Amino acid sequence: MKSLIPAMALILATALGARAEGLTVQLRGPALAESAGFLMAETRGFYAEEGLEVELRPADTAPPFEAMARGAVDVAVAWMPPALVARENGLPLVNVAQIFARPALRMTCRADAGVASAADLRGKTLGSWFGGTEYPLLAWLNRLGLEPDDSLEGVALLAQWPGAEMLRHKQAACISTLSYDPAQGEGLVRLDPRDQGADLLEDGLYVLPQHLAEPAARERLARFLRASMRGWREAVARPEETARLILGPDPDPGALRRQAAMLRGIAPLLSPGGALDEAAYRRTVEALRTGGAGAVLRHDPAAAFTHEISDLAARPEAAASNGTGSGTGTAQTP
């Protein structure tokens, strides 16, 4: 994927305006398709229609929460498990919307390594991207009663190579994959964490409490969410056109096919309007709290999300006024 990053940087450098009354947003990656809805919203002028100037920072610019802690960005796109871990460690992140209503994380394993189901993972070597993506994997292993202690009774975790090379070279029994970007090959078994109740939420929008303090700030976030979800709906409805947009002129045919396929796979994961499902949030927290001393989270989070922004985004007339009409519902106040 490294060869695709310059293309994204070129798109952003030429298409995005300077920050003014708007928002600076740290995207997540590394695949361009994982940011396609935001890029589509910018290119189609959806942010401009909402009266916003949005600066989209490529995924490789900086770790999202580091950038947020430094005050370099207003909004970060991130998976929920690392966001909750960061919150527990002192960065008071608040989830204001959920772009993906369903998770994509999977484990793809070699049948010739003796893996036919999750019950066969004991004693195996597993690949992880780390960088925060290991937290949902650890929660899944806790559900299975497996410790990442390199023992025959637990599992070993290795930093994962790009693609499926670790499977082809038999460096690992299993690797982390995504439902919209599956590993290809013969004799592969795909495991789904939902089977163990470990389907943890992924791409959401995160801000710090100061970005929720004023009605005007909440209104900007609501308009950003509404335009972004519009961009995502268009991106997945036109995967080939979107793939060409994000890859730039004369794209590699293989890269074009892959990005379009990823967008088709992302379509069923999208939230209809960006509202966080509280039951899915509770399920995510419960899985992260499972495992006793080895649990990913030590404490139940407090005030870690709000419905206020998605409620406001769902009511265009409220966003068009002064952002004061979204104080109802089950919102958590940071």
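This is a predicted model: local features need pLDDT of at least 70, side-chain atom pairs count only at pLDDT 80 or more; totals for chains, interfaces and linings use all residues.

User: Rings first. How many aromatic pairs are there?

Analyst: The count comes to seven aromatic pairs. Take Phe 38 and Phe 224 as one of them. Their rings are 6.1 Å apart, centre to centre, with 5 degrees between the planes. That pair is stacked.

User: Where do Phe 38 and Phe 224 sit in the chain?

Analyst: In distant parts of the chain. Phe 38 is in helix H2 (residues 36-43) and Phe 224 is in helix H8 (residues 215-237). They are 186 residues apart.

User: Is Phe 38 buried or exposed? And Phe 224?

Analyst: Phe 38 counts as buried, because its relative accessibility is 1% and the cut-off is under 20%. Phe 224 also has 1% relative accessibility, so it counts as buried too.

User: What about Tyr 281 and Phe 305?

Analyst: They form a tilted pair. The centres are 4.7 Å apart and the planes are at 55 degrees. Tyr 281 belongs to helix H11 (residues 278-289), while Phe 305 is in the loop between H11 and helix H12 (308-313), so the pair ties together parts 24 residues apart in sequence. Tyr 281 is buried at 2% relative accessible area. Phe 305 is buried at 1%.

User: Which residues form an aromatic cluster?

Analyst: Phe 38, Tyr 47, Phe 100, Tyr 180, Phe 224 and Trp 232 form one cluster.

User: And what sits over the ring of Phe 46?

Analyst: The charged end of Arg 230 does, 3.8 Å from the ring centre.

User: Switching to strands. How many residues of E8 are buried?

Analyst: Five of five, across residues 174-178. Both faces are covered. Cys 174, Ser 176 and Leu 178 are buried on one side, Ile 175 and Thr 177 on the other.

User: How many bridges join E5 to E8?

Analyst: Five, and the two strands run antiparallel. E5 covers residues 105-110. Arg 106 stands opposite Thr 177 of E8.

User: Last topic, helix H9. Which residues are buried there?

Analyst: In H9 (residues 239-247), the buried residues are Pro 239, Thr 242, Ala 243, Ile 246 and Leu 247. They lie on the same side of H9, because they cover an arc of only 125 degrees around the axis.

User: What follows H9?

Analyst: Gly 248. Its phi is positive, near 85 degrees.

Technical notes:
Residues are numbered from 1 along each chain as its sequence is written. Side-chain values use heavy atoms; hydrogens and water are left out. Buried means under 20% relative accessible area, exposed over 50%, partly exposed in between (1.4 Å probe, protein chains only). Helices (H or I, at least four residues) and strands (E, at least two) are DSSP runs, numbered from the N terminus. The arc is that of the directions from the helix axis to the C-beta atoms. Rings of Phe, Tyr and Trp (its six-membered ring) pair if their centres lie within 6.5 Å; planes under 30 degrees apart count as stacked, over 60 as edge-to-face and the rest as tilted. A charge sits over a ring if NZ of Lys or CZ of Arg is within 6 Å of the ring centre and within 35 degrees of the ring normal. Two strands pair if DSSP finds at least two bridges between them.
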